[in-house]
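Trainee: I would like a close look at one part of this structure. Please take it slowly and keep the answer connected.

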Amino acid sequence: MFFAIFCLTCIIGAILSTMFVNRTLIPSNRSRPTTQSGNSAIKESADSNSATIDEINDIDRLNINTIAEKKIQLCIPKAENRSLEITKVTEQLLQAIANSDYEMYKSLCDPKITCFEPETIGNLVEGLDFHKFYFDTGKFARSDTVLSPKASKSTINCTMLTPVIHTLGDESACIAYILLLQYIDRNGQPQSVRTEETRVWHKKDTRWQCVHFHRSGMPVAAAIKSSFSIVVAHSFIYHSFMREIKVTLLPILSS
């Protein structure tokens, strides 16, 4: 009898112990969905944060690209305006030379301007005195590009062809072009001289000044002398030909 009670007690204790362990140590099926839901919520939150960061990066990239495009759009008109400025100031300089206007020429040049041109016969000349000599003489022997006679201004015409401008920042630029000079020679005949030029400009105190130039081609005086010699030669040939005709034909006609 005692043994049966003892066995019953052990069985009941084992059952109670099993129930206790199942309730306390092993999670129930009802708690698992909650855990999965929490993990899912955490994952969704992480995904949401990740998407937000990606969107922010995309917006930053868009803003950077937009700013860069705006800067490029602003730089293009600025460069075009500077090119127009250089073209205009170069035309003013050429006009000052053609008009023998030394004061205008001086205002557009740096006091220490340097140059290579045919009149310098291979030497690098610095300063304005070399050019002032030709302004003062006012003859058909001119340095720096074109003729500058004291004669009528209407006898000289300057044309700047195919200008190419390189901007070197906000305060420097270089222009290369072909200059075509038209003038009236001693016999009243129109003649043309072509030169190739490059000028370097620097902006000082809001004003553009030419600091260096290079001119190619034969000296203007030599070009004029050459054209004059050609005219004289043609005239000589013509008169010689007419004299030969007279000498040859007159005896025939007389007979």
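Is Val 211 buried, exposed or partly exposed, and what is its relative accessibility? Please also describe the sheet around it.

Mentor: This is a predicted model. Val 211 counts as partly exposed, because its relative accessibility is 21% and the cut-off for buried is under 20%. Val 211 belongs to strand 6, a strand that covers residues 207–216. Val 211 is 98 residues away from Ile 113 in sequence, yet the two C-alpha atoms are 4.6 Å apart in space.

Another residue of strand 6 is Arg 215. Arg 215 is buried, since its relative accessible area is 2%. The side chain of Arg 215 is in polar contact with the side chain of Glu 117, at 2.9 Å.

Read the order from the strand 3 end. Strand 3 runs antiparallel to strand 4 (residues 172–184), and 10 bridges join them. One of the bridge pairs is Thr 167 with Ala 173 of strand 4. Ala 173 also has a bridge partner in strand 5, namely Trp 201.

Strand 4 and strand 5 (residues 190–204) are paired antiparallel, with 13 bridges. These two strands make a hairpin with 5 residues between them, and in that hairpin Gly 188 has a positive phi near 80 degrees.

Lys 204 has Arg 207 of strand 6 as its bridge partner. The hairpin of strand 5 and strand 6 has 2 residues between the strands, and Asp 205 sits in its turn. Asp 205 is a residue other than glycine, but its phi is positive, near 55 degrees. Asp 205 counts as exposed because its relative accessible area is 72%.

Ile 121 lies between strand 1 (109–116) and strand 2. Ile 121 is not a glycine, and its phi is positive at about 45 degrees. With a relative accessible area of 71%, Ile 121 is exposed, as the cut-off for exposed is over 50%.

In helix 4, which covers residues 129–137, the buried residues include His 131, Tyr 134 and Phe 135. These three lie on the same side of helix 4, because they cover an arc of only 105 degrees around the axis. Asp 129 and Phe 133 are exposed, on the face of helix 4 turned away from the buried side.

Helix 1 spans residues 2–24 and contains Leu 16. Leu 16 counts as exposed because its relative accessibility is 53%. Together with Leu 8, Ile 11, Ile 12, Ile 15 and Met 19, Leu 16 forms a nonpolar patch on the surface, with about 570 Å² of accessible area in total.

Methods. Residues are numbered from 1 along each chain as its sequence is written. This is a predicted model: local features need pLDDT of at least 70, side-chain atom pairs count only at pLDDT 80 or more; totals for chains, interfaces and linings use all residues. Side-chain values use heavy atoms; hydrogens and water are left out. Buried means under 20% relative accessible area, exposed over 50%, partly exposed in between (1.4 Å probe, protein chains only). Helices (H or I, at least four residues) and strands (E, at least two) are DSSP runs, numbered from the N terminus. The arc is that of the directions from the helix axis to the C-beta atoms. Patches are made of residues with over 30% relative accessible area and no salt bridge: like charges are joined within 9 Å, nonpolar side chains (Val, Leu, Ile, Met, Phe, Trp, Tyr) within 5 Å. Accessible areas come from the Shrake-Rupley method with a 1.4 Å probe; for residues, only the protein chains shown count as cover. A salt bridge is a side-chain nitrogen of Lys or Arg within 4 Å of a carboxyl oxygen of Asp or Glu. A polar contact is a pair of N or O atoms within 3.5 Å; within protein, one must be able to donate a hydrogen and the other to accept it, and residues adjacent in sequence count only if both atoms are side-chain atoms. Two strands pair if DSSP finds at least two bridges between them.
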